[in-house]
Amino acid sequence: MDTRSGGIKSALVERLTEARERTRWLLRTVSDEDLALQHDPIMSPLIWDYGHIGNYEELWLLEKAFGKGLSNRDLYDIYDASLHPREERPSLNLLDREGADVYLDAVREAVLRAVEAADLAREDPLLKAGFVYHMILQHECQHNETMLQTLQLMRGEGYRPQSMVELPEGNPTDEMAHVEGGTFIMGTDDRAWALDNERDAHEVDVEGFYLDRTPVTNRAYLGFLEDGGYEREDLWSSEGWAWIQSQRISAPKHWYQREPHSWWTERFGFDEPLSMDAPVVHVSFYEADAYARWAGKRLPTEAEWEKAASWDPKTGTKRLFPWGDEPPTPEKANLDQLAFMPAEVGAYPAGASAYGVLGMIGDLWEWTASDFAAYPGFESFPYREYSEVFFGPDYKVLRGGSWATRPDAIRNTFRNWDYPIRRQLFVGFRCAK
Ligand SMILES: [Fe+2]
């Protein structure tokens, strides 16, 4: 083994170890009882996520990559997301915290032994460029965010992590940035970190447009609400209108009114007055779409979002992150489960894109107007259930990651998707024109 691959290996091991420490840290302040409960019909019990993280690692990093299965098939069955819809998961014979701790440790020990012996130069599509390690790492990060969504929905005494950092102050603006018309490169050909739905890189011609420099704030959204936004059918798509009528929806999820004009929100089970300069979160695609119509604007398409985030018109090159190719830091973006809330808008001038758009990565996911669809040249890899089965008009694309997203699991090309009615995500939006 040369020193270079030794260095890569120790870096991989360090990252995998750190990701596991984070998962356990997030769950440390959650009782065993709350781990086992299903807190919302659209979420798994937290203890399912935890066991599934280990089983996914066993399946892909031990069995598929190295041919070394470890456990009996029962665990594969229990923790296969495509075999069991969420409503079935609480009744499965899930490992408890102790049992899952032991299982995850055993898988990880076997993984470390396999990594030690691995030939990273092997021409295997799973191992090449370290893809499978990065996939496992991102999978654990993604489940961290899912678990935080569950914790936000948890009833009872609420959730507090062991520590939270303070956020910088915001600097709200109503300005829009102009993005000139013309082609840019959308997606990527990277095979080390990118997931199948981000490929292939392809040229897209975008007409010139304006994009809000910052996401829509609670103050602005309250303006829509108090202007009768939820009562005016003309502002809503027909699906959106039918949804708010049938579900009696009249405000973002977790908002409530104490007195006239006094709006509060509930964050992880604790009440707080609505922070007016913070971005609106926990809104559905339909609400974002109606707001945009009220404001005389519209939601950006996925291509517009990616061009504004990634394209450098001066050099005609694409950036990995809005500010450049350097990895995120706390000065550039609110990521990594450090603050447990979005910052006020405009708080990260150092994170601006080439067009001067702020907060595109971090704080909150952003709804786009686009359906989740395959790029030209798409090939599902390593399995269809990662993206391919979700392509189509049922899902809308979200971009940019939130405060709950870990840095290894976000970049300008990263695509997330969900149903247009969903509000459990740490999601808001900005408008285009
Ligand atoms: Fe998963």
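Just after helix α9, which covers residues 285–294, G296 takes a positive phi of about 75 degrees. Helices here are DSSP runs of H or I with at least four residues, and strands are runs of E with at least two, numbered from the N terminus.

Before I go on, please keep in mind that this is a predicted model, in which local features need pLDDT of at least 70 and side-chain atom pairs count only at pLDDT 80 or more, while totals for chains, interfaces and linings use all residues. Residues are numbered from 1 along each chain as its sequence is written, and side-chain values use heavy atoms, with hydrogens and water left out.

Now, back to α9: 8 of its 10 residues are buried, so the helix is largely enclosed by the rest of the structure. Buried means under 20% relative accessible area, with exposed over 50% and partly exposed in between, using a 1.4 Å probe and protein chains only. Among the buried residues are F285, Y286 and E287, and the buried residues pack against α7, α8, β10 and β11, where contact means heavy atoms within 4.5 Å.

Let us take α7 next. Its axis lies 10 Å from that of α9, at an angle of about 80 degrees, the axes being lines fitted to C-alpha atoms over the stretch in contact, with angles from 0 to 180 degrees between N-to-C directions. That makes α7 roughly perpendicular to α9, a term for angles of 65 to 115 degrees, with under 35 roughly parallel, over 145 roughly antiparallel and the rest oblique. In this contact, A220, Y221, G223 and F224 of α7 meet E287, A290, Y291 and W294 of α9.
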